[in-house]
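The paragraphs that follow lead through a structure, moving from one local feature to the next. Please keep the sequence and the coordinates at hand while reading.

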Amino acid sequence: MLTLNSISLRYDTRTILRDVNLKLDRGEVLALVGPNGVGKSTLIKIACGGLKPTHGEAAVDGVSLQRLSPEERARRVAVVSQALHLPEAFTVVDTVLMGRTAYLGLLGKETEADKRIAHAAMERTCITELAGRKVGELSGGEQQRVIIARALTQAAPILLMDEPTAHLDLKHQANILDLVRGLAHEENFSVLIVLHDLNLAAQYADQVALLSNAALRAVGAPEEVLTPHHLSEVYGLSINVVAHPINGTPLVLA
Amino acid sequence: MRPYVLSLSLLAFALIFSIGLGAVYIAPLEAVRILLSRLPLIQLTPDWQETSEIILFNIRLPRALLVALTGAALGGSGAAYQGLFRNPLADPYLIGIASGAGLGAVIAMSVEFPTTLLGLFTVPIAAFVGALLTVTFVYNIARVGKSAQVTTLILAGVAVGSFATALTTFLMLRSQEQLRRAIGWLLGGFALGGWLPVAALLPYLIIGLAVLILLARPLNVLQFGDDQAEQMGLNVERVKMIVIVAASLTTAAAVAFSGIIGFVGLVTPHLIRLMWGPDYRRLLPLSILGGAAMLLLTDIVARTIIAPEELPLGVVTALIGAPFFLYLLRRAKQEMYW
């Protein structure tokens with residue numbers, strides 16, 4: 001279980017995050033939403049231990065991430081960041097196998113078991129047939145799936161994703177989000193996912209956290225958080241929310 | 001397997017060819033037989049002149065080995081630095097080794113030392129110390145807390161390097177009678193002969209290059225950038241630190257005896273990458289073998305092209321290396337190899 005306890009972050013006089021409290025349970029998809037520049041990506045960096053908050057702490061099962069080594073952190077938390085740079089000349093399978101780093105130490109070699117884990121992750125993200133290709137030859141969407149496969153190969157129970165569907169077309173968007181939901185509901189992964197698209201958040205998340213002006217505005221089930229009242233206030237324009245005609249989740253109309 | 005067989009054969013060919021060439025020519029086959037005769041369990045009736053054997057063992061072989069070891073050191077640490085700095089322009093001299101070694105050597109040359117054994121070794125020792133002091137200084141300047149940013153390291157290296165080079169130039173102009181010797185050293189010249197330099201260089205090389213080869217996988221992971229590498233569980237700062245120490249020791253030891261030979265450390269890893277891909281688990285050992293073979297071949301040219309005079313090796317590496325590298329770049333411009 002990932003907990004963010006009263007996280008604050010300040011650079012000089014600028015407040016990036018103010019007293020953020022969040023709890024991510026096992027088997028849960030928590031969507032982090034909010035306007036541009038409210039600190040969503042920063043919160044992800046803090047939640048994976050890559051950035052130390054000014055106050056508060058990010059902890060996994062009660063252990064502060066700042067007290068863990070990079071190996072120990074990576075075995076607990078895997079990250080799919082936004083707009084990642086990937087070296088072009090490595091093959092897909094080599095890139096995915098890098099996800100095993102936390103288990104190999106500085107001097108370890110990949111075993112057959114590591115390769116099986118990587119291949120399973122490639123199958124789940126539908127990139128098996130790309131295995132031998134150079135990453136630089138792939139489309140943005142394919143590269144995104146390579147990064148997700150690498151994160152799965154890391155076999156960490158907590159998955160942090162920063163706009164993982166940003167470059168994807170509708171089909172692959174649905175594929176990835178179905179996969180994410182399956183991981184949480186069927187295999188007990190905890191997923192914290194930054195989504196720009198409020199309707200995707202409504203459709204796929206169990207919980208939604210709405211970030212506004214460096215602080216949490218609301219946390220709860222999608223229909224409690226994605227209300228015209230909250231959204232109009234946070235986004236600063238009049239927003240309507242209706243029930244989705246097919247599955248009944250909130251449908252946001254701006 | 002094929003890349004290793006290929007580069008090992010190239011290295012063997014270059015070595016045998018190199019020890020045969022000189023004022024007294026020793027044919028490759030004869031050279032091989034003389035070498036083999038020194039191995040235990042092999043019985044060969046000597047049908048060669050005794051002088052050939054003496055020349056081979058006391059002059060040619062130690063020199064060829066020193067050249068090969070220098071090439072190996074430059075190729076290996078060049079590959080490691082390119083990986084560490086994720087920069088195709090990186091070479092073993094990027095963070096101040098060459099300028100530091102140059103300053104140390106020129107300071108030693110401007111002092112008249114007695115020609116005892118220790119006196120003969122003052123230039124290499126001063127170069128070695130100068131190189132390591134410079135790198136340590138650069139690393140500490142670039143360090144903030146526990147981490148050293150790659151960009152800051154490079155910039156600090158360039159600044160400190162320019163400063164040291166300026167001092168070196170000043171010292172050289174002040175002591176004109178040593179100018180020629182200093183320039184010769186700076187361009188790469190193997191002033192010291194015999195087995196002693198080989199023996200002095202070997203331990204640094206074996207340890208340094210072994211460490212770099214062992215860290216090949218972490219170097220692969222580092223290609224994704226510090227943030228991603230750390231998120232994948234790599235102790236980024238520890239890897240950086242170890243690679244810098246290992247590559248610097250290796251390079252400093254090589255530079256101490258052979259002067260500043262450019263281009264090999266830059267080009268060899270690119271050549272290997274163009275041919276066999278970016279994976280450091282292959283790239284590092286192949287750059288080491290390739291660097292050794294390349295420098296030996298260049299040395300052959302340097303010794304023969306205006307024989308009996310010798311060109312400084314650093315001049316020849318760039319004269320041959322640059323056009324060859326440009327040709328390869330043209331051919332490979334469609335390919336993603338970095």
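Which residue just after α1(A) takes a positive phi? That residue is A:Gly49, whose phi is about 85°. The model is a predicted one, in which local features need pLDDT of at least 70 and side-chain atom pairs count only at pLDDT 80 or more, whereas totals for chains, interfaces and linings use all residues. Residues are numbered from 1 along each chain as its sequence is written, while chains are lettered from A and ligands numbered from 1 in the order in which they are written.

Helix α1 of chain A spans residues 40-47 and is mostly covered, six of its eight residues being buried; here helices (H or I, at least four residues) and strands (E, at least two) are DSSP runs, numbered from the N terminus. A residue is buried if 20 or more other C-beta atoms lie within 10 Å of its own, exposed if 12 or fewer, and partly exposed in between, with C-beta atoms placed from the backbone. The buried residues of α1(A) are A:Lys40, A:Leu43, A:Ile44, A:Lys45, A:Ile46 and A:Ala47.

Positive phi values also occur in residues other than glycine. A:Asp19, in strand β2 (residues 14-24) of chain A, has a phi near 45°, and this residue is partly exposed, with 14 other C-beta atoms within 10 Å. A:Ala214, in the loop between β9 (207-212) and β10 (215-220) of chain A, has a phi near 70°, and with 21 C-beta neighbours inside 10 Å it counts as buried.

Further along chain A, strands β11 (residues 240-243) and β12 run antiparallel and are joined by four bridges, where pairing requires that DSSP find at least two bridges between two strands. Within this arrangement A:Asn240 stands opposite A:Leu253 of β12(A). The two strands form a hairpin with six residues between them, and A:Gly248 in the turn has a positive phi of about 80°. In a regular strand the side chains alternate between the two faces of the sheet. In β12(A), residues 250-253, A:Pro250 and A:Val252 make up the covered face, and A:Leu251 and A:Leu253 the uncovered one.

In chain B, helices α14 (residues 280-304) and α15 (residues 313-331) pack at an angle of about 110°, their axes 9 Å apart. The two helices are therefore roughly perpendicular to each other, a term for angles of 65 to 115 degrees, as against roughly parallel under 35, roughly antiparallel over 145 and oblique for the rest.

Conventions:
Axes are lines fitted to C-alpha atoms, for helices over the stretch in contact, and angles run from 0 to 180 degrees between N-to-C directions.
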